[in-house]
Amino acid sequence: MSTLLPTDLAIADAATLRPIAEVAALLHVSPDHLEPYGRDVAKVDLDAIDALADRPAGRYVVVTAITPTPLGEGKTTTAVGLAQALARAGQRAVVTLRQPSMGPTFGIKGGAAGGGYSQVLPMGRLNLHLTGDVHAVTAAHNLLAAMVDNHLHHGNRLGIDVRNITWRRVLDVSDRALRTVIVGIGGREDGLVRQTGFDITAASEVMVLLSLATSLADLRARLGRIVVGYTSEGSSVTADDLHAAGAMAVILRDALKPNLLQTLEGGPAIVHCGPFGNIATGTSSVMADRLAIRGGDYVVTEAGFGADMGAERLFDVKCRVSGLVPDAAVLVATVRALKAHSGRWTIKAGRALPDGLLDEGPGDVEAGLPNLAAHVAIIRRFGIEPVVAINAFPTDFDSEHDAIRALCERLGVRCAVTRHVAEGGAGALELARLVMEAADEPTRFRFLYPLDLPLVDKIETIATQVYGADGIDVKPAAARALTAYERLGFGDLPVVIAKTHLSISSDPALRGAPRGWRMPVREVRAALGAGYVYAVCGDMRTMPGLPTSPNAERIDLAADGSVVGLC
């Protein structure tokens, strides 16, 4: 196989796109339910979901991965390639994906439209503004922040403790200088002087609650429950208390409608919402999945980072809201990542791969296989049989793939080598066949924990049964918060663990499948609008910084107005 593929942008620019109404017809969506954004993108009116209610539900397939390197292992490309392969196999297949953040697009990782001959089009629109949903989230979030500071300026009738305001501002740009800022320093009429900061928009609770909302009414209710801070007596202060939620809902009214695009091979792709994978759910929206599940035979959706993060949250949080039950799961693995999990190689974003990493090394792959085995066990814990997809690179060797296949055979797991990046859907036909086999088997899906379990026990259940920890160590401040949340009636909410994505553990330096460690819980916060409590386990950056040589340096406009350098 050639190692010299055209760039993703060149492949995208050379493609001939279907009219968006033809793409919608593949989902049984009427043109009357489309709101076009140019020729190649449309929003789908929420009434389309009701119009499809009498159609049988399709199969629901979740694409996740082993613990990734900082470069990512190709979940999006695999999800797109699988959808294209299912279509080649005669199925109506639709892929549902998160919308990329412009922070990584202009930073290190680049866009998130897939890659090669398995990507979503139009690639430039997708990786930039698309239909403006991310900007709407930014505006709604910052309106609430402005309402908080305005309330303080005009007397603080609610008695908000200025030392305990949890609502920061957001921006869809990676900018480390904004992590901590002082506001109100101009003068008396410029507001109260206080320390706050910015997060990237993907980290906003507004983004995750938008992804979980099931209707406009549900969206409005979730916005009202957002906690912006606390009084000196410890009572929560919400967006409804500030009378801000109604205006926020108006800003987000159109953003709740899913966005319809297409794959390189002309199949439907629904791209909607983009919550952070480290501290939130890391999945596309409930509305996207509900639309797709009635419009297609197969819905292929992606869950961010490894199975310990995105998949667990999709199963335990998103599925509780959507009511959808996964029929199969795909676990993406790469030779590169497994070599990194051997502990013999270190891969860093923005730097060249280590010398020798791409040499034939089945022994290094075998040394990293405990990570793959751990992720297989994670998915099986939810009653789902995974299908391992080896995302093949041109630099891989057959002996390295054989090492992965041998483990899968020992574990009794289906396994396929996929070359969808170079070959499109044709390169994922074996994977599609195995996924259809797995989806035909009776589902035994189960949640990891019951909602009536105490919050601290839910956290410990995830730590021990998913991450492999020996237990948890709850810091005093976190313990007090847990007690308060139980007292306030939040105890029946699911939990999310905010941790590194570079290890199954909470320590990014631990590779493979770590054992003999305990998970520290240093802080616990309530995301009541999103509908969960999250435990902070480690040093989490919610506003990225730019690298030494960001992608932004290479992105420009050509003389004819076309975009160059986007990746």
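Author: What follows is a close look at one helix, and then a walk through some other spots.

Keep in mind that this is a predicted model. Let's start with helix α4, which covers residues 75–88. It has 14 residues and reaches 20 Å from its first C-alpha to its last, close to the 20 Å expected at 1.5 Å a residue.

How many of the residues of α4 are buried? Twelve of the 14 are, so the helix is mostly covered, given that buried means under 20% relative accessible area. Among the buried ones are Lys 75, Thr 76, Thr 77 and Thr 78. Further along α4, Val 80, Leu 82, Ala 83 and Leu 86 are buried as well.

Arg 88 tells another story: this residue of α4 is partly exposed, with a relative accessible area of 49%. Its side chain meets that of Glu 265 in a salt bridge, at 3.1 Å from N to O. Glu 265 lies in the loop between β14 and β15 while Arg 88 lies in α4, so this pair ties together parts that are 177 residues apart in sequence. After α4 comes Gly 90, whose phi is positive, near 95 degrees.

Have a look at Glu 437, for instance. Arg 414 forms a salt bridge with Glu 437, and their closest N and O atoms are 3.2 Å apart. Here Arg 414 lies in strand β19 and Glu 437 in helix α17, so the pair ties together parts that are 23 residues apart in sequence. Arg 433 also forms a salt bridge with Glu 437, with the closest N and O atoms 3.1 Å apart. This time both residues lie in helix α17, four residues apart, which is about one turn of the helix. Arg 433 counts as partly exposed at 42% relative accessibility. Elsewhere, salt bridges that share partners join Glu 35, Arg 253, Asp 254 and Lys 257 into one network.

Now for a strand. Thr 301 sits in β16, which runs over residues 298–302. Is Thr 301 buried or exposed? It's buried, with a relative accessible area of 0%. Its side chain makes a polar contact of 3.5 Å with the side chain of Ser 284. If you skip the neighbours within four places in sequence, the residues in contact with Thr 301 include Tyr 60, Val 62, Thr 96, Asp 289 and Leu 314.

Ser 505 lies in the loop between β21 and β22, and at 0% relative accessibility it counts as buried. The side chains of Ser 505 and Ser 503 are joined by a polar contact of 2.7 Å. Beyond four places in sequence, Ser 505 is in contact with residues including Lys 499, Leu 510 and Trp 517.

Next up is the backbone. Most residues other than glycine have a negative phi, and most peptide bonds are trans. Which spots go the other way? One of them is Leu 130, with a positive phi near 50 degrees. Leu 130 is in the loop between α6 and α7, and it's buried, with a relative accessible area of 8%. Phe 305 also has a positive phi, near 60 degrees, and is found in the loop between β16 and α12. At 16% relative accessibility, Phe 305 counts as buried. As for the peptide bond from Leu 121 to Pro 122, it's cis, with omega near 0 degrees. Pro 122 lies in the loop between β6 and α6.

Let's finish with one more helix, α9. Its buried residues are Asp 218, Leu 219, Arg 222, Leu 223 and Gly 224. The elements that cover them include α8, β13, α10 and α12. Take Gly 224, which is buried, with a relative accessible area of 3%. Gly 224 touches Thr 238, Ala 239, Asp 240 and Ala 245, not counting residues up to four places away in sequence. Its C-alpha is separated by 7.9 Å from that of Gly 246, which is 22 residues away along the chain.

How values were computed. Residues numbered from 1 in each chain as written. Predicted model: local features only at pLDDT ≥ 70, side-chain atom pairs only at ≥ 80, totals over all residues. Heavy atoms only, no water. Helix = DSSP H or I, 4+ residues; strand = E, 2+ residues; numbered from the N terminus. Buried < 20%, exposed > 50% of the residue type's maximum accessible area, 1.4 Å probe, protein only. Polar contact = N/O pair within 3.5 Å; in protein donor to acceptor, adjacent residues only side chain to side chain. Contact = heavy atoms within 4.5 Å. Expected span 1.5 Å × (residues − 1). Salt bridge = Lys/Arg side-chain N within 4 Å of Asp/Glu carboxyl O.
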